[in-house]
Amino acid sequence: MKAILAEKPSVAHELARIVGATERKDGYFIGGDFIVTWAFGHLVGLGMPEDYGIKGFNRESLPIIPDKFILTCRKVKAARGYVFDEGSQRQLEIIGRVFEKCNSIIVATDAGREGEVIFRYIYEYLGCQKPFERLWISSLTEKAIISGLNNLRDGADFDGLYYAGRERSQADWLVGINATQALTISVGDGLYSLGRVQTPTLSLICKRYLDHKSFEIKNYFQIELAHQKEGIIFKSLSVDKWEEQTKVESAIRSIERAGIVNVVEVEKKSSSLQAPLLFDLTGLQKEANKKLGFSAEKTLEIAQSLYEKKFISYPRTGSKYIPEDVWSEIPNLIIALGASSIFKEKVEKVKWERYNKHIVNDVKVTDHHGILITEHIPTILDAHENALYDMIACRLLEAISPACHREITLVTLEVLHYNFAIKAIKIISPGWKLINGNFNEEEDEVILDLPELGKGNHLKVTDATLLSKKTKPPALFTEAELLSAMENAGNSIENIEEKKVLKSVGIGTPATRASVIETLFARDYIRREKKSIIPTEKGLLVYQIVANKKIADVAMTAQWELAFEKIQNNEMVAKEFHIELETLTKEVTKELLTEKSRQVGQQDLCCPLCGNKVYLREKLIKCSSIHCEWMLFRKVCEVQLTYKDIEALLTKKRTPLIQKMVGRSGKRFDAYILLSEEGVTSFEFEQKKKRKFR
């Protein structure tokens with residue numbers, strides 16, 4: 001009898017059907033020679049400090065570095081703290097009984113680092129000694145599952161994968177718990193959550209935001225000239241930029257008097273845009289954010305759903321390529337896609353004899369190949385699933401299409417002592433861009449036809465326009481751009497030697513970046529402002545404290561990601577990394593324990609009743625004296641008071657105008673908040689009327 005462990009019930013159900021385990025029992029299926037059971041994701045995880053008998057947030061206990069990590073059943077938050085999840089405990093007991101009944105185990109959790117850790121932690125927690133083999137597949141189609149079952153791999157082949165996943169989870173535990181407790185103890189005012197990946201990511205966001213805010217925007221001017229030849233109207237732009245409007249206006253008058261520009265140079269060059277590669281998870285998340293407005297987490301959820309419905313291959317991949325043996329399957333996928341009325345027209349634009357093979361690269365395929373559709377073409381999906389599937393299917397068609405060939409014409413013009421330029425792009429062969437008709441995606445690339453121009457030609461100026469422009473600050477991160485920054489974090493490292501080593505290394509993995517971003521939202525460190533991601537007041541506060549510390553060092557985090565890859569590939573011994581990890585944990589903890597709240601960049605604010613310092617917590621402002629009961633909730637009529645609001649209230653007894661508060665009737669209103677000598681607050685409206693609210 002063999003046990004099969006799937007990561008989720010839905011996958012277990014499909015596996016059970018295929019192997020003939022059709023009898024449903026409590027927590028498993030049985031039939032033939034198989035018992036198929038399942039986990040609910042991470043049923044087992046690393047224990048918390050209390051599981052070691054260590055009291056949390058105690059300076060003397062830090063750093064907490066266990067000699068041996070304890071594994072515990074999943075816990076959930078309850079009124080009395082964290083308690084064991086009853087459903088998880090029950091399923092673990094079922095899995096244990098299933099393992100006892102069987103001679104060997106087939107590991108069918110997701111074929112990746114996280115899936116391996118999920119199984120190994122359960123296996124170790126249960127104290128199981130049974131031999132196990134690995135089902136390693138890239139899609140959940142019946143064909144893929146049967147092929148995988150016929151080609152099971154020895155479980156030991158994936159020890160490197162497990163060791164990498166284990167070290168990652170232990171690194172997250174050691175850095176996250178010790179850094180969070182150290183800073184919270186040191187500052188002594190609220191809870192400050194830090195993490196191995198989340199804190200460098202927060203640093204990226206805050207640095208970009210502060211650079212954006214501090215950027216000095218300057219006005220400048222350019223001149224645009226209009227010309228006409230052979231019935232074609234086209235425009236040229238001045239190479240020079242003027243800071244003073246009077247000077248550019250004078251230049252326009254001179255140009256208009258001259259009336260003629262001379263063509264001094266015409267350069268034509270061929271340009272090819274290679275077809276894009278397949279999506280990896282991060283690429284899919286970036287594209288879905290740009291085109292569909294999906295968050296990274298939402299994209300992953302939808303992609304996982306499409307995978308479990310057998311419509312796409314495994315989505316949590318970091319590769320954009322396929323191996324040589326998968327290339328032979330591509331024509332059948334295109335034929336299946338072409339049978340769908342939705343995709344028929346696009347498929348007809350791609351000819352078999354012109355298939356582009358640049359997505360084939362055995363060396364660049366990691367655990368899984370790039371995201372592909374399967375031969376199962378959906379007929380009915382919800383709107384969001386349909387939009388993402390369409391994106392994946394079209395990317396496949398683009399990827400196997402020829403390059404787009406263009407002709408770029410660069411023209412230099414001269415009038416008096418002023419130079420003007422024209423850049424024109426002509427599509428010679430659309431290639432892959434024909435699939436979706438995306439011919440003009442870049443702002444500085446304009447697709448237009450020019451008349452035939454030659455050196456020495458004279459062109460009449462039909463119009464001269466003054467263009468008023470502004471220098472642009474570094475753009476705030478969108479979620480797509482943040483994912484790119486995380487993926488290419490090594491490029492942002494200033495140290496030249498480190499940058500060479502870490503150039504292509506990111507922070508986090510394709511499978512975890514979405515959860516890191518969502519954690520920052522959950523911690524109230526960042527928020528969305530239209531399409532941009534910006535730090536909250538709390539996020540900036542944390543950044544000001546940790547900006548120059550190891551916990552926020554992108555290079556260190558990227559080096560660890562590189563180490564995990566080496567461990568996975570058996571190029572590095574996990575024990576060696578763990579020694580380095582413990583050393584860094586001690587350094588990070590010591591650095592944060594010496595932090596003082598005065599370094600946050602905010603002045604001490606005093607209680608209006610007793611004059612002692614007040615604590616600014618996430619939900620309230622409270623006097624630090626145990627003998628004083630003064631406090632004030634930070635959320636007033638659905639509006640969260642900022643630090644500046646509170647500073648004004650406690651020092652000037654009056655806030656700036658607080659807008660869009662919501663009264664009991666549900667109507668919005670604007671008002672000032674006043675603070676009396678007795679510590680009582682009230683509203684002041686434009687009519688100078690006051691209304692008490694506490």
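Visitor: Is K207 buried, partly exposed or exposed in this model, and what is its relative accessible area?

Guide: In this predicted model, K207 has a relative accessible area of 44% and is therefore partly exposed, since that class lies between the limits of 20% for buried and 50% for exposed.

Visitor: With which residue does K207 form a salt bridge?

Guide: The general idea is that side chains of opposite charge can pair when their charged atoms come close. Here K207 forms a salt bridge with D211, and the closest N and O atoms of the two are 3.2 Å apart. D211, at 32% relative accessibility, also counts as partly exposed.

Visitor: How far apart are K207 and D211 in helix α6?

Guide: They are four residues apart in helix α6, so about one helical turn separates K207 from D211.

Visitor: How many bridges join β20 to β21, and which residue in β21 stands opposite R527?

Guide: Four bridges join β20 to β21 (residues 532-535), and the two strands run antiparallel. The residue opposite R527 is I534 in β21.

Visitor: Returning to charged pairs, how many salt bridges does a search of the whole structure find?

Guide: The search of the whole structure finds 32 salt bridges, one of which joins the side chains of E142 and R17, at 3.0 Å from N to O. Because E142 lies in helix α4 (residues 142-150) and R17 in helix α1 (residues 9-19), the pair ties together parts that are 125 residues apart in sequence. As for accessibility, E142 counts as partly exposed at 35%, and R17 counts as partly exposed at 40%.

Visitor: Which residue meets K25 in a salt bridge?

Guide: The side chain of K25 meets that of E23, again with an N to O distance of 3.0 Å. K25 is partly exposed at 35% relative accessibility, and E23 is partly exposed at 42%.

Visitor: Which residues are linked in a network of salt bridges?

Guide: Salt bridges link E114, R168, D172, R196 and E561 in a network.

Methods
Residues numbered from 1 in each chain as written. Predicted model: local features only at pLDDT ≥ 70, side-chain atom pairs only at ≥ 80, totals over all residues. Heavy atoms only, no water. Pairing = 2+ DSSP bridges. Salt bridge = Lys/Arg side-chain N within 4 Å of Asp/Glu carboxyl O. Buried < 20%, exposed > 50% of the residue type's maximum accessible area, 1.4 Å probe, protein only.
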